[in-house]
Amino acid sequence: MIKPIYLDYNGTTPHDPEVIEAMRPYLETEFGNPSSSHWYGIKPKQAVETARRQVAAILNCSPTEVFFTSGGTESNNHAILGVARRFREKGNHIITSSFEHPAVFEVCRYLESQGFETTYLPVSEEGLVDPADVAGAVRATTILITIMHANNEVGTVQAIADISRIAKKHGIVMHTDAAQSVGKLPTDVEALGLDLLSLAGHKVYAPKGIGALYVRPPLVPEKFCYGAGQEMGWRAGTENVLEIVGLGKACEIAQRDLTKNMAHMKSLRERLHEGLAGRISGVRLNGHVQHRLPNTLSISFRGQEANRILENIGLEVAASAGAACHSDTVMISHVLEAMGIPLEWAKGTLRFSVGRMTTEAEIDKTIRVVAAAVKPKVA
Ligand SMILES: Cc1ncc(COP(=O)(O)O)c(C=O)c1O
């Protein structure tokens, strides 16, 4: 069976072969508990600490500032709930954007039910948060700013360093959800001025169900998972050694090959964009032209239905939709809605996200397949 071309790397990534090799001993033989003081615990404990150093290296922080979680969602929960509960006496106001991943905005919604207040900042048509809006939203009661580094649907990259400076000036904790940017952009917590950063393993060629949170000392978010003292007391529960090893290796590779991978992804993404725009009339790019993940192409086909295109191309290309049409109703993604993309464009939006393994031949075939599924350019 010939599999469809995979162009959904923002959805998840395949395991890197080097990641699989690094994990193999912890699947096959090294089953020990890293907390055990006997022989079986030695290698797993060392492996967890090696992985912590590898994750710290890609973030330019100390290994003692990183703890492992079950993924991007849990990291965001730790960060936002942990800060909200720690600083409850100081204030109850959180600033975020109107097009965060549900792993951020649902946490904010929950906190609102607990008496917190959230400001959801607007984004421009290109998906950018204006740092001036952040400054304007600050109140005496603001305790946290949480704004994603790069958007998963359209790839727009925020001016995090500028926003962090505003947070710092007012003594507000600054968090970013970097699930989409690690491995696609530099993610140096010093350059970005962050107090907290969330990352997710399965977006960086490691397994699903593993992630990490960076926490800048002396910040100590309140913990929400009680139990034994693993992960320096940050996160109770026997460590997921197998996947921690995978995440560490994945970060090492991502850091080592970042420049090469960025150039590869960008050139294929541009090839795809040019190919589609050249063959199909009524094409619109979503997201910022420059401030965008190098691998992400969100593109709208005017008057088309994304679901129908995906159905037509599904045997040959795997991508994702920015809108779902059901009989006479259209559900536009909250991201496109926040950006104010007009309905006639938004409902025909597809997201193609390329990866390290994507080839030029795959892109050229995708152009042909998509062009055939969408109405041809009028001569
Ligand atoms: C921006 C962003 N944040 C958070 C998440 C959630 O990460 P996880 O699936 O590891 O919980 C995702 C995954 O789609 C994401 O794209």
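**Figure 1. Strand 6 is largely enclosed by the rest of the structure, because five of its five residues are buried.** The model shown here and in the other views is predicted. Both faces of strand 6 are covered. Val173, His175 and Asp177 lie on one side and Met174 and Thr176 on the other, and all are buried. Strand 5 and strand 6 run parallel and are joined by three bridges. Thr146 has His175 of strand 6 as its bridge partner. Strand 6 (residues 173-177) also pairs in the parallel sense with strand 7 (residues 196-200), again over three bridges. In that pairing, the bridge partner of His175 in strand 7 is Leu196. Asp177 stands opposite Ser198 in strand 7.

**Figure 2. Strand 7 and its pairing with strand 8.** Five of the five residues of strand 7 are buried, so strand 7 is largely enclosed by the rest of the structure. Leu196, Ser198 and Ala200 point one way from the strand, whereas Leu197 and Leu199 point the other way, and all are buried. Strand 7 and strand 8 (residues 211-215) run antiparallel and are joined by five bridges. Ser198 has Leu213 as its bridge partner in strand 8. Strands of a sheet pair through backbone hydrogen bonds, in either a parallel or an antiparallel sense.

**Figure 3. Helix 3 packed against helix 4.** Helix 3 (residues 72-86) and helix 4 (residues 102-113) pack at an angle of about 35°, and their axes are 9 Å apart. The crossing of these two helices is right-handed. On the helix 3 side, the contact involves Gly72, Thr73, Asn76, Asn77, Ile80, Leu81 and Ala84. These residues meet Ala103, Val104, Val107, Cys108 and Leu111 in helix 4.

Figure 4. Twelve of the 15 residues are buried, so helix 3 is largely enclosed by the rest of the structure. The buried residues include Glu74, Ser75, His78, Gly82 and Val83. Phe87 lies in the loop between helix 3 and strand 3 (93-97). Phe87 is partly exposed, because 19 other C-beta atoms lie within 10 Å and a residue counts as buried at 20 or more. Phe68 is 19 residues from Phe87 along the chain, and the C-alpha atoms of the two are separated by 23 Å.

Figure 5. The 22 residues of helix 9 (residues 258-279) should span 32 Å at 1.5 Å a residue; the end C-alpha atoms are 32 Å apart, which agrees. Met265, Leu268, Arg269, Leu272 and Leu276 are the buried residues of helix 9. They cover an arc of only 100° around the axis, which means that they are on the same side of helix 9. Thr259, Lys260, Ala263, Glu274 and Gly278 are exposed on the other side. The buried residues pack against strand 9 (283-286), strand 10 (296-301), strand 15 (349-353) and helix 13 (360-373).

**Figure 6. Helix 2 crossing helix 8.** Helix 2 (residues 39-59) and helix 8 (residues 241-256) cross at roughly 35°, and their axes come within 8 Å. The crossing is left-handed. Helix 2 contributes Pro44, Ala47, Val48, Thr50, Ala51, Gln54, Val55, Ala57 and Ile58 to the contact. Among the residues of helix 8 that take part are Val241, Ile244, Val245, Leu247, Gly248 and Cys251.

Technical notes. Residues numbered from 1 in each chain as written. Predicted model: local features only at pLDDT ≥ 70, side-chain atom pairs only at ≥ 80, totals over all residues. Helix = DSSP H or I, 4+ residues; strand = E, 2+ residues; numbered from the N terminus. Expected span 1.5 Å × (residues − 1). Arc of directions from axis to C-beta. Contact = placed C-beta atoms within 7 Å. Pairing = 2+ DSSP bridges. Axes fitted to C-alpha atoms, helices over the stretch in contact; angles between N-to-C directions. Left-handed = near helix turned anticlockwise from the far one by under 90°.
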